[in-house]
Amino acid sequence: MLGFENNRITRCAALCVFALAGIQELQATEQIELAAFEYPPIYQNGADKGLSGDIAVAAFKAVDVNAELRFFPVARMILSVSTGQSICAIGGTVLFEEAQVMERVRIGSVIQYVAQTFVFDRRKHPEGVAYANLGQLRNYKIGALFSSGISKFLQKNADLNLNPNPSHEGLAKQLYIGRIDLWATVDLTGRLYMKKLYPDEADDFERTASFNRGDVSLVCSRKADPSGAYVQKFADGLARIKKNGTYMKIMAKYYGGSDRVNRDSLPDDMK
């Protein structure tokens with residue numbers, strides 16, 4: 001009887017040790033919410049979080065931080081991270097350039113670059129759309145996502161006829177019916193929406209040479225992350241997934257194969 005009791009006590013003790021270890025493991029995994037805005041397939045609110053979204057989640061996971069994306073309109077995302085309501089966000093540095101915003105945030109590692117280009121209807125512009133500088137596009141009606149990094153870039157670089165729209169789908173439809181001549185967007189985004197909305201005519205829409213190579217970076221709140229701890233953890237995790245091949249696997253997934261990855265989208269250390 002005594003031996004039975006001892007065995008039962010030993011088993012209970014072992015179970016307690018395993019349970020405690022499990023609790024400690026759960027506690028060791030930190031949680032962080034990343035603010036973002038919808039710009040498929042770069043950031044998207046679905047099972048897959050988009051190219052930059054998936055990379056950001058994987059980088060944090062590599063250093064035992066569980067990152068979840070929360071999506072906002074662009075202006076609210078900027079406000080959320082600059083005021084410390086969100087610890088970090090992912091987006092282009094251009095979105096945070098205003099002095100009162102920049103002093104409240106810390107720019108972290110570049111996740112990727114996006115090739116920014118103009119999509120046009122080849123049937124309406126059979127000769128193509130060539131330009132040496134943005135000023136040569138003044139006579140075109142150009143659509144761009146309202147408050148996006150692309151819009152901000154175009155607004156400060158040339159006196160263009162810009163037509164903002166709050167949705168990518170709206171811009172794709174405007175291009176299709178001729179309300180705009182050019183759609184300023186990211187290479188993957190333009191192709192995604194034209195194939196989604198007009199699968200039988202998607203090949204009639206082409207893109208110009210890139211007019212800008214915009215960054216997508218981690219941006220953290222100085223108020224919520226005063227020491228820059230998450231900036232450093234993210235840098236460490238990003239380096240790990242670049243080294244172990246995860247980074248390029250995610251790139252290949254969104255570009256449709258490793259041989260189709262746009263080299264302009266890669267950080268300089270991955271070219």
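Are phenylalanine 60 and tyrosine 230 buried or exposed? Select these two residues to begin the tour of this predicted model: both phenylalanine 60 and tyrosine 230 are buried.

Stop 1: The structure holds 10 aromatic pairs. In the pair on display, the ring centres of phenylalanine 60 and tyrosine 230 are 6.4 Å apart and the planes stand at 70 degrees; because an angle over 60 degrees counts as edge-to-face, the pair is assigned to that class. Phenylalanine 60 belongs to helix α2 and tyrosine 230 to helix α8 (residues 229–244), so the pair ties together parts that are 170 residues apart in sequence.

**Stop 2: a second ring pair.** Select phenylalanine 118 and tyrosine 131, another edge-to-face pair, with 5.8 Å from centre to centre and 75 degrees between the planes. Phenylalanine 118 is in strand β4 (residues 105–121), whereas tyrosine 131 is in the loop between β4 and β5 (141–145), 13 residues apart. Both phenylalanine 118 and tyrosine 131 are buried.

**Stop 3: two helices.** Return to helix α2 (residues 51–61) and display helix α9 (residues 246–255) with it; their axes come within 10 Å and cross at roughly 160 degrees. The two helices are therefore roughly antiparallel to each other, and their crossing is right-handed. On the α2 side, show Leu51, Asp54, Ile55 and Ala58; these meet Thr246, Tyr247, Ile250, Met251, Lys253, Tyr254 and Tyr255 in α9. By class, this contact comprises eight nonpolar, one polar and two charged residues.

Key:
Residues numbered from 1 in each chain as written. Predicted model: local features only at pLDDT ≥ 70, side-chain atom pairs only at ≥ 80, totals over all residues. Heavy atoms only, no water. Axes fitted to C-alpha atoms, helices over the stretch in contact; angles between N-to-C directions. Helix = DSSP H or I, 4+ residues; strand = E, 2+ residues; numbered from the N terminus. Parallel < 35°, antiparallel > 145°, perpendicular 65-115°, else oblique. Left-handed = near helix turned anticlockwise from the far one by under 90°. Contact = heavy atoms within 4.5 Å. Nonpolar A, V, L, I, M, F, W, Y, C, P; charged D, E, K, R; others polar. Phe/Tyr/Trp six-rings, centres within 6.5 Å; stacked < 30°, edge-to-face > 60°. Buried < 20%, exposed > 50% of the residue type's maximum accessible area, 1.4 Å probe, protein only.
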